[in-house]
Amino acid sequence: MSRFFATGSDSESEESSSADEIAPKAPGTTLKQSLLLSDDEEDTKRVVRSAKDKRFEELTNLIKTIRNAMKIRDMAKCLEEFEQLCRAFLKSKNIVDKEGVPPFYIRLLADLEDYLNQLWEDKEGKKKMNKNNAKALSTLRQKIRKYNRDYETEITAYKENPQESADEEEDKGPDDSGSSSDSDGDDDGVSAKNFLKKKPEATPEASKFLKKGSGDESSSSDDDEDDEDWGSDTVDSGSESSDDGEDKGASLAMVFLKKAQAPEKSGEKLGKKKKLKKKEKLEEEAEEEGGEEVEGGWEKVKGGVPLVKEKPKMFAKGTEINTVVVVKKLHEILQARGKKGTDRTGQIELLHALAAIALEHNLGVGVLVKIKFNIVASLYDYNPNMATYMKPEMWKKCLDCIDELLDILYDNNDMFIGENIAEESENLAISDQPFRVRGCILTLVERMDEEFTKIMQNTDPHSQEYVDNLKDEGHVCGIMDRLLTYLENKGTTEEICRIYLHRIMHTYYKFDYKAHRRSLGIQAETKDQEESEGEDSAIIMDRLCKFIYAKDRTDRIRTCAILCHIYHHALHSRWYQARDLMLMSHLQDNIQHADPPVQILYNRTMVQLGICAFRQGMIKDAHNALLDIQSSGRAKELLGQGLLMRNMQERNAEQEKIEKRRQVPFHMHINLELLECVYLVSAMLLEIPYMAAHEFDARRRMISKQFHHQLRVGERQPLLGPPESMREHVVAASKAMKMGDWRTCHSFIINEKMNSKVWDLFPETQRVREMLVRKIQEESLRTYLFTYSSVYDSISMATLSDMFELEIATVHSIISKMIINEELMASLDQPTQTVVMHRTEPTSLQNMALQLAEKLGSLVENNERVFDLKQGVYGGYFNRDQKGGYQQKQSYQRDGGKGGYQSKQGGYQRGYRNQNQGNY
């Protein structure tokens, strides 16, 4: 077998045998056969395309897409593809300069311009277009008109005779392809042309030969053809046997050279395929051999060797393991930290392996603590993006590592750790001196707390996964308690304040059911339960917060501690302590200068304070506390419980990410429906009596805009069915209270639906319901007296007591307060226990007359002002003190107490109504 065939074939035994069969055949016959190949066979085997063909094919494909878009009137697609076509045509500039502008391109430009003009004239069709297509039509029409100016002559020629230009293009296509193949060989004569034409024809034969030698997949028909070719070669070889050996060698070299001149890309691909198949076969053979060998030491590994399986070689063989070597290796590992392409998982594993080596060689806890610090830091660095949260397995590793670190610190009280220790002054080796390690355990725990918050923020709150993650809070709080005890002995005041605040933040929002049961006198069921209860959260909060009040030197920590303390008081219905602490702290004066997380905490505290006041029956205080949050309409956002939909102008993507990181985890949320219900019920109890008292007052103010909005929404409804939502219940109750019907009002506020939605969420549900019933009765009584006082001359207090199911003493108290505050013009007759009404309220006619007088007064003032402006007496406009000018403090301003435009010196006065009320 010749060397040529040996190198050309693969290493398999079958191929070598086939190569041996091929070897005796004369090489010259192969060349002859390859030169006799037909053009059709060449085309099927390999297609050589010129740059012109490639560019024109790209243009025709784009033109096809444009024509398809024209058929379906997709103007947006047309515009997009036309822009691509212009760019592709610009790339083909060199070819176009040689060959001229292709007719198919001119035809498209002409057709597209006519098509766009037709669409533009079709007014009704344009109206039916959507916004994008109409806009694209306008843009494309302008572009095509501007673009076609460069090709006016060609387009005109096409339009004059479109059929002839189309025929020319069809005729030109085959001629061009032929001329492109012939053009290169014009100068070299006939023999050169023949040679160049035959040159590519040898390639398919060579490729056939290579396929046969390499063992690639081939069809049975190809094999048959190959056999026939080889047969013809054997016949020809007899006639050429007279040639000497040198001629045979030369013809063989020619065949070899022609094979080497095959296209590089196809050769490379073929070579790659060969290598891959060769590898696969070698692997299969290795597997078969491995199955036969019993004591073989080889192991097949797929996809490379992972770092975790193979223990990395930390140190060279024979290296003495000591503290200096381990610290040096630690620095080497840390140098790759943060660099692009660093395997972060592999780095963590390396650090764990290094810790195991340090422990194995008893290098002391100093080195171990330093490595542990870096392991935790690497776990935090695993996610380079601040928005992403830790994976569960990394989170578990982190908690375990911090626990191990705390165990070491507890076992070695003489160890000093801190950020202020320089690396040069560290003492990691075992010696008489205590260990000194650079690092801060408090920083690691603070970061752990942040990661826990991020995990809770990014978990679906309605899934079981959220519950599982929330169980880790006990572990987190346990770590904090251990660190707290450690820092109380060895930490600075500032560090103690920081860890105290983190512990407070995990306590302040939780309702202490154990303390609540103890306050109600319910004993624990078993002794184990009593032992597990521990001290009340109120005692813990009091101790931690008071330490911060006394020792902290940063305003932020103290502010957060005060707000958490108020929140905890309010949550447990300690209204007076919470209110006094809020008023003494004066936080409401400068809270607008605090950072957003503190402002969110302040909003949460104010809301909880308002809910606490409502539970205690302080309706006015509850309304005032909740007014700012509820009147904004952004309660969800202000409490950090979600983002409202906004325009991109108000908040870009980066700001949205920042705000999402500030959100409060779901288990800390305040129920927004409960909050709105408390606010609306408080507003109802204040607003309805006030509306009844000032029914005819034109200057009546609104106590709650949101409540009035809900009333207006209820009035606009064409059909009034039974209430369904919480808001509808409150509106229906308000209408009933307006009529003095407290029983209907009570049935709308307290029923099964409202209980399940709102009232059952309070800890002391029954007490809150009783308080609500009492308040509804009292306010309904006040509303009734305001509304119907003009109807009665006198009314018995016993009757009122029966109507509203209140004690006579309570009725007496309410009416007395109304008379003292001058809300009700009446007097109490003690012997008969009746209320005698005084007719002081003006009639409807008198009210209308008063309103007319007020409007006339404002008209007179306006006329005088216009007159002064015309005359140019500006001094009279600004300085008319003696006549009751327009800009006096008492004049031209509505006075809440007396009403009207009044001044002490003069002007239009309406004091007669107040002075002579007894005359009506």
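Before the first stop, one term: two strands pair if DSSP finds at least two bridges between them. Helices (H or I, at least four residues) and strands (E, at least two) are DSSP runs, numbered from the N terminus.

This is a predicted model, so local features need pLDDT of at least 70 and side-chain atom pairs count only at pLDDT 80 or more, while totals for chains, interfaces and linings use all residues. Residues are numbered from 1 along each chain as its sequence is written, and side-chain values use heavy atoms, leaving out hydrogens and water.

Select 826–829 and 834–837: that's E4 and E5, antiparallel and joined by four bridges. Zoom in on Asp829, which sits opposite Thr834 in E5.

You have an open three-stranded sheet, ordered E3-E5-E4 with antiparallel pairing. Strand to strand, the twist averages 20 degrees.

Next, show 797–804. This is helix H42, packed on the sheet and touching E3, E4 and E5 (contact means heavy atoms within 4.5 Å). Its direction makes about 60 degrees with that of E3, using lines fitted to C-alpha atoms, for helices over the stretch in contact, with angles from 0 to 180 degrees between N-to-C directions.

Last stop: Glu822, in the loop between helix H43 (808–820) and E4. Its phi is near 60 degrees, a positive value in a non-glycine residue. At 61% relative accessibility, Glu822 counts as exposed (buried is under 20% relative accessible area, exposed over 50%, partly exposed in between; 1.4 Å probe, protein chains only).
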